[in-house]
Amino acid sequence: MKIEINVDEKTEDTHIVISCKKLTPELQRLLAMLHILDKQLTVRKGEEIFFLDVSEAVYIESVDRKSFIYTKKDMYESDFKLYELEQQLEACGFFRASKSCLVQLNYIKSLRADINRKIRLTLENGEQLVVSRQYAEELKKKLGMGKGGRQ
């Protein structure tokens, strides 16, 4: 694979051109990463591929090594592993709630203390998720709730 970058001060907009013999899984993955930079996720539902705005993703769950993106209305599958999505979406307001789940902070409607220092989240779509105690303190910090803050 050759990569060529042309820096030209006269260029007004960045263009990325990929020339290839065929679209391989590696190239599809590269395209998906470029879409994330543009605040879009490349996702699948059945045989169809969609470009989903990151802002629409309420939470992401990993089940049997597959990542599922949940919106208010639908569920999609992603080819990325959960840790890859976490790295790419942290700057977009996503938070690791447990070993198998990422939550977009903007969709948290309420939270309540649960047993063993866990936190039960209610999301705007009505779903309830549990933040494991390993990640509970970090969530409180992100939400501006210091130690001893009310839950």
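This note goes through the predicted model point by point, from overall layout to single residues.

1. **Basis.** The model is predicted: local features need pLDDT of at least 70, side-chain atom pairs count only at pLDDT 80 or more, and totals for chains, interfaces and linings use all residues. Residues are numbered from 1 along each chain as its sequence is written, and side-chain values use heavy atoms, with hydrogens and water left out.

2. **Overall layout.** The protein has three helices and 10 strands. Both are DSSP runs numbered from the N terminus: helices are H or I with at least four residues, strands are E with at least two. The order along the sequence is α-β-β-β-β-β-α-β-β-β-β-β-α. The C-alpha trace spans about 55 × 40 × 25 Å along its principal axes. Of the 151 residues, 34% are buried. Buried means under 20% relative accessible area, exposed over 50%, and partly exposed in between (1.4 Å probe, protein chains only).

3. **Strand β7.** This strand covers residues 101-104 and is covered on both faces. Cys101 and Val103 are buried on one side, Leu102 and Gln104 on the other.

4. **Partners of β7.** Strands count as paired if DSSP finds at least two bridges between them. Strand β3 (residues 59-63) pairs with β7 in the antiparallel sense over three bridges. Here Ile60 stands opposite Leu102. Strand β6 (residues 94-98) also runs antiparallel to β7, joined by four bridges. In that pair Phe94 faces Gln104. A hairpin of two residues links β6 to β7.

5. **The three-stranded sheet.** Strands β8, β9 and β10 form an open antiparallel sheet in the order β8-β9-β10. The edges are β8 (108-113) and β10 (128-131), each pairing on one side only. From one strand to the next the twist averages 25 degrees. Axes here are lines fitted to C-alpha atoms, for helices over the stretch in contact, and angles run from 0 to 180 degrees between N-to-C directions. Strand β9 (residues 119-123) meets β10 over four bridges. Thr122 stands opposite Gln128 in that pair.

6. **Helix α2.** In α2 (residues 82-89), the buried residues are Leu82, Glu84, Leu85 and Leu89. They cover an arc of only 160 degrees around the axis, so they sit on the same side of α2. The arc is that of the directions from the helix axis to the C-beta atoms.

7. **Helix α3.** Tyr135, Ala136, Leu139 and Lys140 are buried in α3 (residues 133-142). Their arc is within 150 degrees, so they line one face of the helix. Gln134 and Lys141 are exposed on the other side.

8. A salt bridge is a side-chain nitrogen of Lys or Arg within 4 Å of a carboxyl oxygen of Asp or Glu. Glu137 and Lys140 form one at 3.5 Å, N to O. Both lie in α3, three residues apart, about one turn of the helix. Glu137 is partly exposed at 37% relative accessible area, whereas Lys140 is buried at 15%.

9. **Other salt bridges.** The structure holds seven salt bridges. Asp79 and Arg44 meet at 2.4 Å, N to O. Asp79 lies in the loop between β5 (75-78) and α2, and Arg44 in β1 (residues 40-45), so the pair ties together parts that are 35 residues apart in sequence. Asp79 is exposed at 58%; Arg44 is partly exposed at 26%. Arg120 and Asp114 also meet in a salt bridge, at 3.2 Å, N to O. Arg120 is partly exposed at 28%, and Asp114 is partly exposed at 24%.

10. **Positive phi.** Two non-glycine residues deserve a look. Arg65 has phi near 65 degrees. Arg65 sits in the loop between β3 and β4 (66-70) and is exposed at 84% relative accessibility. Asn116 has a positive phi of about 60 degrees, and lies in the loop between β8 and β9.
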